[in-house]
Structure formats: structure tokens, C-alpha cells
Amino acid sequence: MPFKQVRRILVLMLAVAMLSFMLACGDSDDEDEVAEDASTGTAGTPYKPSGNEGSITGAVNFTGEAPAPKPISMDADAACAQNNPNPQTEDVVVKDGKLANVLVYIKDGKTADGKSITGFAFDIPATEVTLDQKGCHYVPHVLGIMAGQKLKVTNSDPTAHNVHPSPKSNKEWNQSQPAGAQPIIQTFTRAEVVVPVKCNQHPWMKANIGVLKHPLYSVSGENGAFEIKGVPPGTYTVATWHERYGEKTQSVTVGAKETKTQDFTVDASAGKTASLRLLEVMPAIEFPSASKH
Amino acid sequence: MAETPKTDTDALARREPETPARDPIISRSTSNILLVCALLLMASLAWALYDEAYGQRPWKGMQQEFVSRYNRYLKRLKRTGTQSEKDVKESEAYKELDLAARDAEQAAAPRKKEIDNEIKFIDSQLAAVTDPFQNKRGRITVINYNVETSDESDKKELREDVEEEKRERVEVKMPVDPNSGKTEDQKLNYTELEQKYLTLKDRKAVLLTERAEVSKEADELKKTRDTYLKDNVIGLSAEQIDRLIERNDKFDYSLRQINVNGDQIVDRCETCHLGIREPLELKPINFKRTGKKLDANARAFVSHPSKELLQIHNPERFGCSSCHGGNGRATTSIVKGHGRHRFWLHPLHERENMEAGCQQCHSQDRVLQGANVLTKGKDLFQERGCVGCHRYEGFDRETDGLANSRQTVKQLEEQLAANDREARQLDVEAGTVADETEAQAKLARAVALRVTNSQLEARIEQLNVQARYLMQDQKKVGPNLKDVRLKLRKEWIPAWLKDPQGFRPGTKMPTFWYLNPDHELSKNIKQNADTERAAIAAYLWQSSFEGQLPKQEPGDATHGKELFETKGCMACHSIGEGVENQVGGTFAANLTRVGEKADFNYIVRWIYNPRERWAPYCPKEKRDLTRADYEKNGKPYRFDTEGHSKCPNDGAELQVQNMTVMPNFRLSEQESRDIATYLFSLGKGAQWPDASFMDDPKLKDQGAFYIKQYGCANCHEIRGFEDEQRIGKELTAEGSTPIERLDFALLTHDAEKGINPFTDKEYEAKDGKEAKWYNHKGFFEHKLEEPGIYDKGKEKEPRDHLRMPDPYLTPEWKNALTTFLLGSVGVEGANVPASFFYQPSDRRKDIQDGWWVIKKYNCMGCHSVQVGQKSVLQELPQYLTPEGKDQLPPALMTEGARVDPNWLLRFLTDPSLSNGSDDPTVRAHSGMAGRNNSGQPSGSGSSGGATSSQPQQGGAAASNQPQGDGGGEAASGAGASGAGQQNNEAREMPPQPGANKNGVRLYLKARMPTFNFSPNELRTLVRFFLAVSSQQEPFIKEPINPLTDQERNLARQLFTSQQAPCLKCHLTGNPDHDKNASAPNFLQAGERLKPGWTFRWLLDPQKVIPGTAMPSELFKRDGERWVFNGELPESFNEYKGDHADLLVRYMLQLTPAEQSRLAAGSPSATGGTTTTGATTNAAAQSSTHHSRPARAKATATGRQKKYRQRAGLVRSPAGKRRGVAVVRARGSRESVVFARQYGVGYSPPSGHSW
């Protein structure tokens, strides 16, 4: 009798051992796969908040001479002027030396326990991010959203618009939205900084949507202030993106439950984006000598 | 050893040895040998068994490996796969569908149950009746048969039997109660049985129909639900995966074999490559062993990377080795299976050359979808000029076609003469024969011959027309060198010949290393490189045309830059020094240093009209004609493709254009000057060493010799070498040359050992690839790397050395060309039967032909012609912004479905659509659109018929025609006369063949140029677009339902409604409105668009042209119709028709009058950006394009005056646009418009200043 029992226990143990071994094997396979995919898709290890998260706050300062906003003529569409009596360009909005409409986000870096921040899959908020069309302007002009999060585009104008983002690695769409129409609900499935949005009918209308893999971003307000919440402790490359002055990065370390204050500076000379500079390889200068030979 | 017993026979005993010699057989033990033998036998048996089971069948191990790895992957997948299925099942949408399906099922259930019960009862009744009824019927049939076959006397009796049978009653146990199953005995005769049987059957059918009807809704809902599930689960469902695992568990370990075409191809590749046709997409990573690196097995088990390709090339029909090469039969080792042996003719193509396999069947396709490397190879072969020296069947379409049609004409003419002779003889014979019938027969035959001849004459006429067109379409890879004196700086020529890549990195002009004494290969063999180079330069210089180009004043470089970057020049040309800094297309030259080599006046003339030839060439007389030739025959000195292409001396067809593919952008002279000025501003003003030797007449003959030697005339037009034959080897079947006939020369040993001939070190073998390169791939790769490589170490006369120059090729290009060459095996060398070759005769043939033209002119530089293909422009920085994207030329994926082919024909002839009236609806429908129209030099623009009616030919307008004096003596033959032709008189620029604008998209800055296609190419192009969109040909327009007055009112209201802002973007023809428009004029729609396409376009433009400015969701579904998606004018409440259809009909039937009514009720277009240039805008209001009003009143003479005026205007230097305001002193209205166009009216988003 005892012998039988021992045998049963042995068999049981063996089975358990094998099972756990198999499971372990299986799991490690999965990790292999994930590791291969993490850099590209939205997939990754789910991020579980530890309660130690800190935040990054600060302001975006502007140095140099800010180009003055230019007035926009909206004569073409009477409905526009109704909601927007004094329309002007908003590509550079500076007030008291602070720059608004700057997307500040964590671009890269490692958490305190050495894991790449881009390897995590953060929960996608159920709330929508709203982009309104009001007075033939997009409100807000720059916004951040997580990949997979819902974007809700509303039309508060008494005229028709069309919403036309031109992304590089997301699906492109161009939808008409007449006055009083239902909001357009769309999602961007891949991270992309940034997706420009325009309205073909009112070509001055422009918005920029930063699509990110994580919720660690913020857009500077009129006073240049921003706040990135829920940052796991670690050292990160924080990027500031502005539609005219391009992207700039800076390293920021956040401790556990720390509210890190970090200001950024954008200079007026930052100018153009790199791709457009290519064409400036050969600036046109005055004709040297036509009758040299 | 036993003692020998003593006997009396001593002698005998003595004879025997005392101790007998040791008998090895007896005495020695053989057990060791036996053991060894036995062991050997055992071993060989074991080996034989092993070899039988495994040695000869290594694939068994592979198969086991596959099953185990695949199962592991499937199980892993099942976890993630089912998760996805669960997600879908938990989604709201699915639950809703599921609920609806269940509800419907429940609702239908009671009635269904009733019906089922009744059917059950009927079935039981039927069961009772069927047997007796069928028995009875059988018996009656037997008796009836007997009646039919029996004698007349017996029939009556038998018929009575039938009646008797029918009367007889049978006992039936008929169920009477559906519930209790109680039966009742009934006695029925045949008629009653039959009736009962039929009634029951009918009732059952009725019930079954009703049952289907009742459950229809539920069934459909269930189907919708399941389809939803199927559509939304990503990857396979758990069920499908289970099925795969189950299949793996019963895996059949055996050879997998495909037999193709009567066993010509026997492929066992799938014995190891088991994943190829799996439904899943299997990648090496899926077969990776945990914790180990990717191994060869993991790579072998993948699924075919292109399921689409497999679908059209079903392996059961094509096998594997037919495309991939390799030895399909071999299964014993990987090396054998892959055919990697020098004696196997078709080794497996390497991964990077995989598409070589496509070429053997698709050699006639210029563009092969899905084979980008091969297509690139073909592009390079043509564009980089390989085709200049090497014949390749199909690549020289015009020249081959020309030779063919000339040959055929000759044959036909002989036939014609023969027929004529026979007919005359028959006439005579008919008069002499006695028999009437015979005479008639002869006469009839003579008549038939004459009619045949008239048909032959028509054919000859056609062939001659063809020949003319083919001559028009003939192009050269390099520029015309008869122009060098007019075009180039003399000193630059020798410098260029020495090192073209040094002057212009990446240029098509290869380095002729024989001409460069600094080149490593030529160091040893060429002592006289300098002399040869000088001689060639001297010949070119001395044989060139001489003359005076119109003097050009410098233009505005800033404006030129703007034009260069926006008109579309960069789809072919690039700017930027060094290969890595170049921005733009690689189809044509990099223009950064053009100012250092060329004459400004020539470049202006070239930009203005690149096809404008200096003097026509007569292939019959083999010389360039002069003005004297024309005057001698009393003809004006005019030559062009518009009816002035014949030789005044003998009527032969002339070469009247520069043989370049560069089109005419219909720019004004001023614009041409601006662009040239910009280009000239880029150069650095290099100095070249003195080259006065080029005028030495003694060098000329020598030069002619070397030009012939190096085949310069294969790519360039050179006087005296017009009929030069190709000097290179034909490459059509180069890939199937036997390896021993590829001349590795002294490198054979290196190749076999895998030694790198450039470094003399061994190649590294990696990724399972061999270092040895004694194969076709190795030969081609090394030759492309360094063409002269196989001359290394050879003792040869300089002239016997390989003449192939060193072309500029990137590694990627070399691979593409190698792929192309490896696949070039010809008909004989193909791995597959000729019946496999792709030789379509239907619409697909039209597509095949079309690609040759599309690639020839680089249409894909500006347009997206193919789904998924990006144009060159699309990738340029100025087109990457949202604003830039709106400036891209239209995508042409659905062009054939979009436009009327007749319209397309006219558009391709003259893309400015300037001939005749500007109003397209008034323009006549001329069948062969526009050919005659474009003959009219309508440089005076599009404003009405006034100018187009002016005769521009002959005396009155002579000053407008190309002129030149006939002073020089024509040089006949190669270098016969010392000096070139003299054409010293300055010539005016001829008028442009169309207006300075786009025909449809006036708002685009990129310009559709005039290509001067021959009717042949026009037809090919139109057919191509029709075929791609599956359109019928010839096109017959569908009638459109006319609009009622009420409908017209409705449509107008919708058009002008704030909610449907069509007119915010579309042109209306009103300059005030149009200045910011960004979409075509509706007035052109009726003539241009097809209704079906327009309807689909309205519903979802993004589907037709992704990224278009036209938004989707303009209409929504309402039952069977589409209604406008937005607030509708009240009058629409009563309208029951389809709104999209209404708008299509309205658009396609729009009249100018109706359009002005529309325009009156709508705001102006809003397509501009900020209004920083508001004041300038107002000044420039009257035109969408600056040249139109300026040109409107210009007459032939007036125009010239204007040019001079403009040329004489003094302009202040233009500052940079940003920062410094553009100040212009130009007084003409043009300057104002310029300012609007690129100065202030347009403000790019991020402030760059291109």
C-alpha cells in the first residue's frame, strides 16, 4: 500500500514537473516573439502602474524674434468669419516669451529597472480626444493622442469642412463633414509624430496630431506650460516638437514619485525641417556670366 | 603434433615430412577474418538499411522537424488566435447580431414545430402508401409492356388484365392520428392509391417551402453573424488551427512530387519545403527553436512569401524549379536539390536574384508586377544605355519595327508586280482560249488579282505611315553630338571624355577607361590614351553643325529655381553635387554643373523646345540637309513632324526632331531663360585646359576610327555614323551561355577557388552561400563591377581588349542587372516548355505594349500609374507636406475608366488643350483628335479661335520658322569634308505647340508637357489605359439621361449650397474665382469623364485615388439610393431620385450658360493660403495663368517684337525671398503675376524658400 502511494506521488510530481517545464518553454517562446515585435507595433509588455510614477512639468521658452501672426482672409466662406472675427495664423504662438502648441513627449529611454519605455504597452484610454472645427480653425491646433485611442472630430461651424490627415504610416482618410453632421470617430493605429491635418476647402486650416505609443506626452498651453503625468521613474529622452521649429531632445531623469521641473527652449533660428533643407543644397544666386565663352 | 608411426614402408614414410608443413587452412584459426567479414557484412547491412531509411531519405528528418516545429507554433498561435475570436464574440456588434439571430429563431420556432409535426405525419402516411402504390404501378407497367410486344390477338386479353389489376383493391394500414400513431385499414384501388400518393407529396412540398420561408429571417441573421465573425477575427480561428494540428498528427511522411507537362518537370521540392502552400503566413521566426539562432531549417519551412504569385502560378501546373531553378528531382542532399553544381544547367537562383526566373517566360514584359528587381534591371538596361551597344530582343522596338516594315514593303511590292503581270497575262489568255467557261474563269481570276493588289496597296500605305511614326519615336540614349559646337564649351569635351564620372558623378556616360591613362586597367595597355581622346574630340568638334543661336539675355535665377522645382523637371533631373546629395530623379542628367560645360543660348533653346533640331537628317541621302536643299526645290525651310517630315529632294522620311525623350514644357522664352539662368548659377565656373588641338584637321580621320572602335554612335548621333551597327554582344540569351563559354580567362582559377580578384583574398562564405564564383552570377557580377576584369594579365593588342566601358552602377543596380541577365536565357535555354511563355494576345497584350512607352518617357516620374507605385515627385521633399501632396500630378490607376479615350487622345497630343476654342463643349469632336490642330502653332494661347485660324506656314510667317542659311556645303558621309555644316544665321525661337498652361488642372504648378508622341504611341498609350481599367474598345459613349427642369434646379441648389462646397475648390473659368481653385472645371466633365466612374468617384474618391483632396462621405445610403450627407435644401424633400446620380448627370451635361448661373450664386474658391499678398492678388486678378492674356493678342510678328522688348528689360537682381522682399523693376503685367505666383501669394507651411 505505501509503495503504491509513493508511486502515485512520484507520478504526480513528475507530471507537475513536466507541466511546469512545458509552460516555461511555452512562455519563453512568447517572449522571443514579443521581443522581435516590440520595436515596431503597438504590442509590448503590458504596463502595470507601480504607484511610484512621477511627473515632468515645466514651460517652453522661446528665444529670438517671433514672427508675427498673419491675418487670414476668410472672405471666401462667409460662415467662417461669423465664428472667427479676427482670424490669424497660429503656427507660432508666443506670449511673454513662452511658446504654445509644442508637443512635449517621452521619445525613448529606460525606466529605473532598466526596461525600455517603448517596450511597454500602456492601457489605451477609453475617452476620446476631441478635435473641433470652429470659426474655420482647428481647436486645438496641436494635440496628442495614443495609438488606438479614439479621435472625435466635431464641426461647430455652420459650413461644411473636410478632415484630411496625411500620415506616413497610418491609414490616410479624407472625410467630408457638413454642418451639424455626426462627429467623425477615427483611430490611428501606429505611433507617428506628427500627423498633419488639413481641410481642403479652407486650406489655412491646419492641425497637428502627435500619435504616441504611450500616454507620456503633453502640449504646451498659451503660457508655454506643460505637464506629463504618470511617468515611471527612469531616465528619458524627452522631445519637444514644434511645427515650424522641428524636434529637439533633452535627457530628463525622474525619480520615484518625483515631480520633476524641466523647462525647454526653442530658438527662432531652428527654422526648417531637415527634409526641406535638402532642396537648399544649391541656393539660387544671381547669374554669374552668360557670355563667358 | 602426433608421432608418425613406424611402418615398413620407410621410403614412403620418409617421403612424408616428419612434421607436415602447417596447413593454414587447417591449422590457422580464421575466426578473426570471419569476424571481420561478419562485422563488415553487418556494418554494410546496417549501412544499407540506414541508407535506405535515412541516407537516401534525409527529407524524413526534415519532415519530422517540420511537424514538431509547426505544431509548436500552431499551439502557440492558438492561444493568441482564440483570444482574438473571443474578443470579437464579446464585442457589442457581435452580441447584437447574435441576439437578433436568436430572437428571430425563437419567433419562428412555434410555426416551425407545427410544420415539422405535420411533415412527420405525412411522412408516415407516405410510408404506408408508397410501397403498395409502387408495386401496383410496377405490375401494370409489366402488363403494358406485354401488350406492346404481344401479337394483335393477345392484346385484348392483356388489356383486360390491366383493367383488372387497376380495379383490384389493396389493403393499406393508413395512419389517421398524428399523435397516437393509430392506424386504420383501408382498401384502395390503383387510382385511389395514386391520388393519395400525389396529394401527400404535394402537401409535403408546400410545407417544406413554408418551413424555409418561416426560418429564412433567422437563417440570414445567423449567416450575417457568422460572416461578421469571420471578417473580424484576425488570422485563423481556433477551429481552423485545430484542424491544422489534427492534420499534422496524421502527417504522411512521404515524398511530395509535382509532375508538370508530361513529366518534363518533376519537382520534389515540397518534400522538404513543406510550409510553402500552408494557409498561414509562415516566417522563419515562427520556426525558430527556443534559445537558438535561426537555422537553415527554419528558413526552409516558410510559406511562399507571395500568395498572389502562387495563385496565378499554381505549383501543380508550373512546378517550383520552373521559376526558381534547381534540380527538382534530387532529394538526397541540399546541394544536389538546389542544383549547385557546375554541370547542372539551372542552379537555384540566389535569393537576391530570385526574379531572374520570371524573365524566361516574361521576357516581353517591360514592367512585371511583383518582380521589382527584374523590372529595375530592365529599366537600367534601357535607361543607362546598355541597349545602345547590346542588342536585346524587344528593347529596340522602333529600329526593329522600322527594319521589319521596310522589309515587308519590299516583299509586298514584289508581290504587287507579280500579281499585275499575272493579271495582264490572264486577260490575254482569256481572249485566246476556246472554252467559254475557261475564259470567264480566267477573267474572274484577273479581276480578283487586281482587287487583291488594291488591298496590298492599302497595306503598303499603312506600313509606310508606320515607318514614319517609328522614325519619329526613335530615340537615342545620349545627346546629339552633331550639336557640340552650338552647345558645348570646346575645352570641356576632352576633360569629359577622360572622366565623365569625375565631372558628373552618377552620369549615364560610362568611363571609357581606354581614354583615361590614369585608370588602373588602361595603365598597362594604353600608351596613347591622350591621343585617342584628342582625336575623338577633334572629330566631334569638326563634324558638328556651326551656326548662331539666338542671343539670350540672363533671366531671373530665383524664378528659374521656382520653376525648376515645381514644373516637374525633377521627376527626371536631379540637382546637388556628389551622388549622395542629389535630389531628384535619376532618369536624366544631374544638372548642377551644366553651366560649366554648356552654352547659355543653347540651353535656353533646349529648355524652350528640346525637340527642335538644328537641321534635318535624310537617311536615304545619308546626310544632314541644308536650307539650300529646300530652296532648290522651292520649298520653305521648315521641318517638323506636322507634315514637314519629307526630304525636299527625294521625298524620303527625314529625322526632323532631336532624338531625345525630353518633352516640351511649352514655357515662354522668358521662363526658359529663367530656368537656364538658375541652372547656370549653380556651377562654379570651372576652367578647362586649352584644347586648340581640336581644330587640327589631321586628327579628324583618326577620330573617326576611334569613334567606330568604341561605338560612340551607338548612343549618340554623330555625323557620318548614323547607320552604325551595335558593337556589343547580343544579350537576349546571355544567361544560358554554357559556363565554359563564358570567358573567365585567367581568373578561372580564382573563380573556382572563390578568390576575390580585386583583393586577392578569399571571399567569405556566409548564409549558406558559396564563396566560389565560377558560375553565371559570378561572371556577370564581376564584369559589371569592372568590365575589363577578364582582360587582366592577358597579352593582347590594345584594340583587341574588351571595349566595354565602365558604367556607373550602385550595388543595388548591379544586382538588378545581374538578375536580368541571369534570367535572359532565350527560348532554347529556358527551363520550361515554350508553351509556358507569357505571350498574351488580348487586353493584356495592350498592357504589355503600353509599358514600353510609359517607361520610355518616364511617365512614372510624375504619375502613379500602377497600384502601389510611387512617383519620383512623390518622394521629393517639396511634395511631402500636405500642401505639396495637393500639388502632385494626378494618379492614373483608373485613367481608362475615368476618361473618354477620344478625349485622352486629344489631351496626350496637346496637354494644354489649347487648340480651337477654350470652351471644351464648343470644341468639335475630331476623331483623330488634335493631330491637325496641334500642327497649328498655337503659341498664342488659348483665347479663342482668332489666332488658331491664322495661317502660320509659308511666306507670311516665314520669320517664325526655323531659319538658317544654306551657306555651308553638306558633308556627305563620314568626315568627308573638313568643316561641318554652316548655318550661321541667328534663328528665332519657333512658336510652342500649345499654350503655356495645363489643359485640365490649371491650378497645378507641375506641368504636363507635350511629348510629341506619334499616333502609334498615342494609340498604344490610350489602349494601355483602357486595358488596365478593363474598358471596351472602340469606345461608344453611353447616352446620359437628360435632366428635367426641376432636376436642374435641384442640382444647382445643391451645388451652390453651403453644405456642398463643390465650387469652393473646382475651377469655374471666372479668373476671380479661380485664382485659388484646386480642382478641375466641371465644364470639361461632359467631354472628358465617364458617368460610371464619376459616380463611383463621388461616393468614395479616396478609394479611387488615395490621398486626393476630394473628401469621402459626401453621400450616405438611404435604402436603394444615395443621398447627400448634409442638410439639404427644402426643395429636395419631394425628390426621390439618387442624389449622386443627379449630380453626375448635371455635371456631365453642364453648359457654359448654366455654369455662369452657378458661379453667380457661389463664393470664390478658397484654395489659397494666407493673404499676405492680398494687394498683389488683386492686381493679378484677371488671369489664372500669366501667359494667357499676354499672349492673347500676339500675332506672328507682334510676338517677336514682344520677345525683344522683354529681353531688353532691365531687371534688378532678385533677393532671396525670405527676409528680403522681392523687388522687381519689371513693368510688364507679367512681373506682377510672377510675384503672385511664387512670391507672396503662396506661403509654404514651414517657411522654407523653395
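A: Strand 8 (residues 612-618) of chain B pairs with strand 10 of chain B in the antiparallel sense, over 2 bridges. Two strands count as paired if DSSP finds at least two bridges between them; helices (H or I, at least four residues) and strands (E, at least two) are DSSP runs, numbered from the N terminus. Gln655(B), in strand 10 of chain B, is the bridge partner of Tyr617(B). The open sheet has 3 strands in the order 9-8-10 (chain B), with antiparallel pairing. Strand 9 (623-624) and strand 10 (655-657) of chain B are the edge strands with a single partner strand each, so one side of each has no neighbour in the sheet.

A word on the ground rules: this is a predicted model, in which local features need pLDDT of at least 70 and side-chain atom pairs count only at pLDDT 80 or more, while totals for chains, interfaces and linings use all residues. Residues are numbered from 1 along each chain as its sequence is written, chains are lettered from A and ligands numbered from 1 in the order in which they are written, and side-chain values use heavy atoms, with hydrogens and water left out.

Further along chain B, look at helix 41 (residues 1045-1056). Its 12 residues should span 16 Å at 1.5 Å a residue, and the end C-alpha atoms are 17 Å apart, which agrees; the expected span is 1.5 Å times one less than the number of residues. The buried residues of helix 41 of chain B include Leu1050(B), Leu1054(B) and Phe1055(B). Buried means under 20% relative accessible area, exposed over 50%, and partly exposed in between (1.4 Å probe, protein chains only). Among the elements that the buried residues of helix 41 of chain B pack against are strand 13 (1121-1124) and helix 47 (1139-1148) of chain B.

Helix 47 of chain B holds His1139(B), which counts as buried at 2% relative accessibility. His1139(B) lies 18 residues from Arg1121(B) in sequence and 7.6 Å from it in space, C-alpha to C-alpha. Leaving aside neighbours within four places in sequence, the residues in contact with His1139(B) include Arg1121(B), Trp1122(B) and Phe1132(B); contact means heavy atoms within 4.5 Å.

Now for the aromatic rings. Over all chains, the structure holds 56 aromatic pairs. Rings of Phe, Tyr and Trp (its six-membered ring) pair if their centres lie within 6.5 Å; planes under 30 degrees apart count as stacked, over 60 as edge-to-face and the rest as tilted. One of the pairs is Phe66(B) with Phe287(B), tilted, at 5.9 Å centre to centre and 35° between the planes. Both Phe66(B) and Phe287(B) are buried. The rings of Phe744(B) and Tyr790(B) make an edge-to-face pair, because their planes stand at 75°, with centres 5.8 Å apart.

Finally, chain A brings us to cysteines. Cys80(A) and Cys136(A) form a disulfide with sulfur atoms 1.9 Å apart, where a disulfide is a pair of cysteine sulfur atoms within 2.5 Å. The torsion about their S-S bond is about -70°, so the disulfide is left-handed. The structure holds 1 disulfide over all chains. Cys80(A) is buried at a relative accessible area of 0%, and Cys136(A) is buried at 0%. In chain B, Cys323(B) is in no disulfide, and the nearest cysteine sulfur, that of Cys358(B), is 6.6 Å away.
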